[in-house]
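Thanks for coming. Please look at the structure on the screen while I go through a few of its features.

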Amino acid sequence: MAVLFFLSLFLLSIYLPRKMITKFDTSRLRIFPIAERNHGLDLTNILPIQYKTCKYERIKTIAKKIITAKHLNASIIFMMGAHVIRAGVQKYLIDLMKRGYVTCIAMNGAGVIHDYEFTHCGATTECVAKYIKEGKFGLWKETGGLNTIINTAYKENKDIGMGEAVGKAISERSFTHKNISLFAAGYTLQIPITVHVGIGYDIIHEHPNCSGEATGALSYNDFLKFVSVVNNLENGIIMNFGSAVTAPEVFLKALSMARNVAHQKGNVIRHFTTLVCDLHDLPDDFSREPSRENAAYFFRPWKTMLVRTVSDGGESYYVKGNHSETIPALWSAINDYENNYF
């Protein structure tokens, strides 16, 4: 009987018509002018550069290591979540870029959106709770202009990265607020700003003019650029400000690729420093990853950036604090030690 039952199911699966799932037709969407949006942040949230004595001992140590890495021509990498842009610390980061204390900035797709919106209209963010009820969340015409930049860049140069494409577009256009754009600064200074997207993560993926082909290609190009920067991480430093998933996962794969090639040449990428700045409560001793039974095990910056990737010769540091405090503190500490390096 059992055999007949399963045979019947098999025959039904063959002969019954299958229900096809069709793709959503994005042309049916209504896109709204961004002037109708109530913005959560505007230019008043951009912090002016102001020196303050650094209160974080670990950040003071990191500042010294950054100065050392610069003189050794080793990579100095800033990885960050989009909330860093929202924290208004752009001027601090751009100043560090100009002074040679940044080799690469890596961020997720939301980061490029906040940077572009600040530059384009002097404001960014929206009330998700309000606009998701109305079916408006993320569907703003001007923000969708990023897709046009990405699509055009892909048609003109399939090897360009998303960060470079956006930085070039901002630099060449008459945006009033381009002075606070990390991407424009990166393009001008020839410092890679890499964007690591997940399709469906970002509001511009909702738009009818989004091309998965162009988006994926340009972000993958950025990933390969990032791997090249990681390839020079020996004696360098990599920092993660507020990215719980993207930064540690991207770094993990990039480091494996860089080490693979280094080992073939008899070289190593072991002696580097990692810093994680976030709001999680970590124990004083974070040198061992938590057990799988502990919810903290799934906080990837801890097990990936503070333990696993530095376990054979590196050092790691954790600082709990808001980005609006930790990045200005790092900038101030670098200033304190810069003239006393030798």
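This is a predicted model: local features need pLDDT of at least 70, side-chain atom pairs count only at pLDDT 80 or more; totals for chains, interfaces and linings use all residues.

Residues are numbered from 1 along each chain as its sequence is written, and side-chain values use heavy atoms, with hydrogens and water left out.

Start with the helices. Helices here are DSSP runs of H or I with at least four residues, strands are runs of E with at least two, and both are numbered from the N terminus. The axes of helix 4 (residues 90-98) and helix 9 (residues 182-189) come within 10 Å and cross at roughly 5 degrees. Axes are lines fitted to C-alpha atoms over the stretch in contact, with angles from 0 to 180 degrees between N-to-C directions. Helix 4 and helix 9 are therefore roughly parallel, a term for angles under 35 degrees. On the helix 4 side, Gln90, Leu93, Ile94, Met97 and Lys98 meet Leu182, Ala185, Gly186 and Leu189 of helix 9; contact means heavy atoms within 4.5 Å. Of the residues in this contact, six are nonpolar, two polar and one charged. Ala, Val, Leu, Ile, Met, Phe, Trp, Tyr, Cys and Pro count as nonpolar, Asp, Glu, Lys and Arg as charged, and the others, Gly among them, as polar.

Next, the cavities. A cavity is a set of points on a 1 Å grid over the protein atoms alone where a 1.4 Å probe fits but cannot get out, and lining residues have an atom within 4 Å of a point. Grid points are joined across faces, edges and corners, and a volume is the space filled by probe spheres set on the points. There are two cavities of 30 Å³ or more. The largest has a volume of about 40 Å³, and its lining includes Met79, Asn108 and His196. Strand 3 gives the most to that lining, with three residues. By class, the lining has five nonpolar, four polar and no charged residues.

Last, the backbone. Most residues other than glycine have a negative phi. Threonine 125 has a positive phi of about 70 degrees, and glutamine 190 has a positive phi near 60 degrees. Is each one buried or exposed? Threonine 125 is buried, at 8% relative accessibility, whereas glutamine 190 is exposed, at 71%. Buried means under 20% relative accessible area and exposed over 50%, with a 1.4 Å probe and protein chains only.

Conventions. Angles under 35 degrees count as roughly parallel, over 145 as roughly antiparallel, 65 to 115 as roughly perpendicular and the rest as oblique. On a 1 Å grid over the protein atoms alone, a cavity is a set of points where a 1.4 Å probe fits but cannot get out, and a pocket is an open set with protein on both sides within 12 Å along at least five of seven lines; lining residues have an atom within 4 Å of a point.
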